[in-house]
Amino acid sequence: MLLLEIIKDILPIIFLMALGYFLLEKKFINDGLNANLAFLVMNIALPSSIFVSVLKTLDLSRLGTLKDPLLLGAGVLVVLYAISVLLVKVCRIPRGRRGSFINGIVNTNSLFIGMPLNAALFGDKAISYFLVFYVLSLFSIWTIGATLVVNDSSSSSDAVGGSRFQLKRLLQAPLVGGVAAFLVLLLGIQVPKPLFATLNYLGNMVTGLSLIYIGISLSVAGLSSIRFDRDTLVAMVGKFVLSPVLTAGIFGLAALLGTAQPVIASQTFIVQSAVPTLAVLPILAEQGKGDVVYAANLVTIGTLLFVVVVPLVMLLVS
């Protein structure tokens, strides 16, 4: 039953990728649509999605009781970032792939794959811990993660200028959407229903458009671009082996030190850590003039492997 639930969650993702591929292959759309989709998702749909998601799911009054899993989850992210940066140097990941490589290991598509999976595996009793993971993931992606990708150009001339910190590149529209949502919560502002409904409609477009974008990118590059090269293989090992094992280790160490968490908390974090990377990764790579094909490769292969990986991760959490 578990495998069937996972397949049901993943099949729509594969179908939407295939739709984007088919539309371009049959010339129903032209390859110039990529840039338009990237702008629409990054600057309109995704900020709306994050704003609505935070307001729908986050209850600030409960964060105080969840500070221990919040701190442990933050610790996992710090260690994962450190190891990923080390792997970039050891494996000599080329410019244009580095930001995508790190995100492929550290960050997850927690909202669109992780949330339905978590509900199927653990039910409502795990929702609080999932929300803690989601908040950590949200800010990890739209601060460190997105900045690494948009500053990672394949061109050496672009990379020299992009290697310096640039505030405008940190203030990505999705992050602004998240910060705005937190301000609304903190100040107790009531968002007018027509505005909230509009943002909700816009936010619902994110996953579909992002996956269609990946399909278009695969059509432009050719299906031969989907392959297990060394950089992809290392990222997959990092995502599906290193990440859940490290998460289990940190939660286990916390238990030994006297700050044991409920079993459902550690199970939620371990499973979520093995969820494939964010679907908008190729769009970020497009904005940073990086290797879009490699970023699409990480999303596609990671999504396909996820069917096999999750039952193994469930054995780990058991």
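Helix α6 bends by about 40° at Ile-141, where the bend at a residue is the angle between axes fitted to the seven residues ending there and the seven starting there. This is a predicted model, in which local features need pLDDT of at least 70 and side-chain atom pairs count only at pLDDT 80 or more, while totals for chains, interfaces and linings use all residues. Residues are numbered from 1 along each chain as its sequence is written, and side-chain values use heavy atoms, with hydrogens and water left out. Here is a friendly tour, arranged by topic.

**Helices**

- Helices (H or I, at least four residues) and strands (E, at least two) are DSSP runs, numbered from the N terminus.
- Helix α6 has 24 residues and spans 32 Å from its first C-alpha to its last; that is close to the 34 Å expected at 1.5 Å a residue, the expected span being 1.5 Å times one less than the number of residues.
- Most of α6 is covered, with 19 of its 24 residues buried (buried means under 20% relative accessible area, exposed over 50% and partly exposed in between, with a 1.4 Å probe and protein chains only).
- Helix α13 (residues 263-273) is mostly covered too, as 10 of its 11 residues are buried; among them are Ile-264, Phe-269 and Val-271.

**Aromatic pairs**

- A search of the whole structure finds five aromatic pairs; rings of Phe, Tyr and Trp (its six-membered ring) pair if their centres lie within 6.5 Å, and planes under 30 degrees apart count as stacked, over 60 as edge-to-face and the rest as tilted.
- One of these joins Phe-22 and Phe-28 in a tilted arrangement, 6.0 Å centre to centre with 45° between the planes.
- Phe-22 is partly exposed at a relative accessible area of 41%, whereas Phe-28 is exposed at 59%.
- The rings of Phe-139 and Phe-182 are edge-to-face, because their planes stand at 65°, with the centres 5.3 Å apart.
- That pair links distant parts of the chain, with Phe-139 in helix α6 (residues 127-150) and Phe-182 in helix α9 (residues 173-187), 43 residues apart.
- Phe-139 counts as partly exposed at 25% relative accessibility, while Phe-182 is buried at 17%.
- Phe-133, Phe-251 and Phe-269 are linked by ring pairs into a cluster.

**Salt bridges**

- Five salt bridges turn up in a search of the whole structure; a salt bridge is a side-chain nitrogen of Lys or Arg within 4 Å of a carboxyl oxygen of Asp or Glu.
- Arg-97 and Asp-229 meet through their side chains in a salt bridge of 3.2 Å, N to O.
- This bridge links distant parts of the chain: Arg-97 sits in the loop between α3 (67-90) and α4 (98-106), and Asp-229 in the loop between α11 (206-221) and α12 (230-256), 132 residues apart.
- Arg-97 and Asp-229 are both buried.
- Asp-231 also forms a salt bridge with Arg-97, where the closest N and O atoms are 2.9 Å apart.
- Asp-231 lies in helix α12 and Arg-97 in the loop between α3 and α4, so this pair ties together parts that are 134 residues apart in sequence.
- Asp-231 forms a salt bridge with Arg-230 as well, the closest N and O atoms being 2.8 Å apart.
- Asp-231 counts as buried at 5% relative accessibility, but Arg-230 counts as partly exposed at 45%.
- A network of salt bridges links Arg-97, Asp-229, Arg-230, Asp-231 and Asp-291.

**Surface patch**

- Phe-228, Leu-233, Val-237, Val-241, Val-245 and Leu-316 make a nonpolar surface patch of about 530 Å².
- Patches are made of residues with over 30% relative accessible area and no salt bridge, like charges being joined within 9 Å and nonpolar side chains (Val, Leu, Ile, Met, Phe, Trp, Tyr) within 5 Å.
- Accessible areas come from the Shrake-Rupley method with a 1.4 Å probe, and for residues only the protein chains shown count as cover.
- Helix α12 gives the most to the nonpolar patch, with four residues.

**Loop residues**

- Lys-27 has a positive phi of about 65° although it is not a glycine; Lys-27 is placed in the loop between α1 (2-25) and α2 (33-57) and is exposed at 66% relative accessible area.
- Arg-92, not a glycine either, has a positive phi of about 50°; Arg-92 is found in the loop between α3 and α4 and counts as exposed at 71% relative accessibility.
- Lys-289 lies in the loop between α14 (281-287) and α15 (292-317) and counts as exposed at 56% relative accessibility.
- Lys-289 and Ser-155 are 134 residues apart in sequence and 7.7 Å apart in space, C-alpha to C-alpha.
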